[in-house]
Amino acid sequence: MSAPQPSPLAEDSPAPECLQSVPAGGRNKVELTVNLRKIPLFALLTDAEMKEVQEALRFRFFEKRATVIQQGAANGGLVFLLSGQLQLMRITEDGRALSLELIPEGGFFGEISLLNEGPYAASAVALSRVLVAILPSAQALHLFAHSPSVAHHLLRHLARQVQRDAEFKALLSITNTSRRIVNFLWLIKKEAPTHQLAVENLPTHQDIANLINTSRETVTRVLNLLTQKGIIQREAHRLIILDPEALNRMALE
């Protein structure tokens, strides 16, 4: 098994205090060097704070389909994704698995249960081989309480989560399933480096159906229609929005 390809968290010549070497494990013994300053939550830490973080972080690789964090497990700290793809999953009371958000590289999860002093509210499943860094609970809570830059970033992160949850609840209230799917795409779109609007790491049709309470067949039908109309272009794990105005009109109809 080869090591993950260098991620945006790795740089050729970052400041020495930002570097962390991580053994790749498995048959490939090459060390990876990650730039901790590229993790947004750590970007503005003082050198002294960064040194404490470096000493506390624990690094682990997980293979594809492995469960990185189990829903209901005691919170073991704040988990950062350094390389690969992670998806949050939640098991409902009736036993259904709901696919939640994809964690971006440099992103983190576990903050809500950490602040609530409760178990993890969702599982994190590796969609590829991943490298994660775990900041133990005591150190994470210390940063939340004593680092203004971390506190500011956390508040903005939580505010975005609240806004996203509100938007998602509004989306689920749409009775027309085609509009619901179109609004879902509009909600999760982002601007790509090419300045196009795109959905990176597109969930499977079944995952989309589970998320917005419809059928996989309906999702497939609507995506095929949008493709035929030239509104979207689908790639292996990516969806490009070719005509944002048309998609927005359909979302508002």
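**Strand pairing and a pocket in the predicted model**

In this predicted model, strand β6 (residues 86-91) is joined to β9 by 4 bridges, and the two strands run antiparallel. Within this pairing, Leu 88 is placed opposite Ala 124 of β9. Strand β9, which spans residues 123-126, also pairs with strand β4 (residues 67-69), again in the antiparallel sense, through 2 bridges. Here Thr 67 faces Val 125 of β9.

An open sheet is formed by 4 strands in the order β3-β10-β5-β8, with antiparallel pairing. The edge positions are taken by β3 (58-62) and β8 (108-109); each has a single partner strand, so one side of each is left without a neighbour in the sheet. Strands β5 (residues 78-83) and β10 (residues 130-135) are paired in the antiparallel sense over 5 bridges. In this pair, Leu 78 lies opposite Leu 135 of β10. Helix α3, comprising residues 137-146, lies across β5 and β10 and runs at about 70° to β10.

The second largest pocket holds about 320 Å³ of space. Its lining includes Lys 64, Gln 85, Gln 87, Leu 102 and Leu 127. Also among the lining residues are Asn 201, Leu 202, Pro 203, Thr 204 and Asp 207, together with Ala 236 and His 237. Classified by residue type, the lining of this second largest pocket consists of 5 nonpolar, 5 polar and 2 charged residues.

Terms used. Residues are numbered from 1 along each chain as its sequence is written. This is a predicted model: local features need pLDDT of at least 70, side-chain atom pairs count only at pLDDT 80 or more; totals for chains, interfaces and linings use all residues. Side-chain values use heavy atoms; hydrogens and water are left out. Two strands pair if DSSP finds at least two bridges between them. Contact means heavy atoms within 4.5 Å. Axes are lines fitted to C-alpha atoms, for helices over the stretch in contact, and angles run from 0 to 180 degrees between N-to-C directions. On a 1 Å grid over the protein atoms alone, a cavity is a set of points where a 1.4 Å probe fits but cannot get out, and a pocket is an open set with protein on both sides within 12 Å along at least five of seven lines; lining residues have an atom within 4 Å of a point. Grid points are joined across faces, edges and corners, and a volume is the space filled by probe spheres set on the points. Ala, Val, Leu, Ile, Met, Phe, Trp, Tyr, Cys and Pro count as nonpolar, Asp, Glu, Lys and Arg as charged, and the others, Gly among them, as polar.
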